[in-house]
Amino acid sequence: IGASWAAYFLARGLDVEATDPAEGAEHRLREAVARHWSVLQHQGLLAAGACPERLRFHAVLEEALAHADFVQESGPERLDIKIDLFGRMDAAAPPHALLASSSSGLAVTEIQARCRHPQRVVLGHPFSPPHLIPLVEVGGGQKTSPQAVEQAMDFYAALGKRPIHVRREMPGHIVNRLQAALWREAFHLVEQGAASVADIDTAIAHGPGLRWALMGPFMNLHLAGGEGGMEHLLAHLGASIEAWWDDLGAPTLTPELRRQVVQGVEDARRERT
């Protein structure tokens, strides 16, 4: 995620100061940026002044943040690590710099716990890979200022992203909760023997997924309502939708279900090769 973010920021003409404590991190980062660069160039996403040479790597976190205007953290999805990391970043970054986390499900309120300036800590969760997919979930914690959230929204939008405002802290934010709801029913259908893994993937990729690529669930329902729109659809199909909700499954990842899904994916993968 961090390398993908770095490539995107560079492609938008920004200077990027990166840091990673892992051995060999700089080499892997530059290799990843080089791979992403050709794709970004092919997609026409390189802004004036964009240059991969504007990436600088620092072995010491404090050096990387010394002159930062915006910090995009993409460390491990572990709360203890993020709390410690944000405490260090808060101490090192200039007072005006926003501190954004790529966390896919942790609460900003917990992440900002040891920061002396928690008002500037925000969520900046991308949809992977961030160098290609526009969505960014932006939100704050209990001590985040509304101005920081607004500035982060403006920053991402200015770079060509499509930020959405997470207005309430919930595990998984918005997108991962929506995905988890679909995954739960997909696993349930496999468990019940209603469909194969391959058929479920086909059902989404060649059915509603084509619609979802253009519009979200609410607008799709509105269009399905014809001239009456959403109001007409809910009046006529609302009871059916509620009945389907009541019948949705809540599977447990038992060893048998894991085996079924893993085997189903392997079978589908072999058919594609």
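What percentage of the 273 residues in the protein chain is buried? And where does K82 sit, and what is it in contact with?

Modeller: Happy to! This is a predicted model, in which local features need pLDDT of at least 70, side-chain atom pairs count only at pLDDT 80 or more, and totals for chains, interfaces and linings use all residues. Residues are numbered from 1 along each chain as its sequence is written, and side-chain values use heavy atoms, without hydrogens or water.

Of the 273 residues in the protein chain, 35% are buried (under 20% relative accessible area, 1.4 Å probe, protein chains only). The chain has twelve helices and seven strands (DSSP runs of H or I with at least four residues, and of E with at least two, numbered from the N terminus). Its C-alpha atoms fill a box of roughly 55 × 45 × 40 Å along the principal axes. Among contacts (heavy atoms within 4.5 Å) between residues at least 6 apart in sequence, 70% join residues at least 24 apart.

Now for the close look. K82 belongs to helix 4, which covers residues 79-92. K82 counts as buried because its relative accessible area is 1%. A polar atom of the K82 side chain lies 3.2 Å from the backbone oxygen of G75.

Conventions: Buried < 20%, exposed > 50% of the residue type's maximum accessible area, 1.4 Å probe, protein only. Polar contact = N/O pair within 3.5 Å; in protein donor to acceptor, adjacent residues only side chain to side chain.
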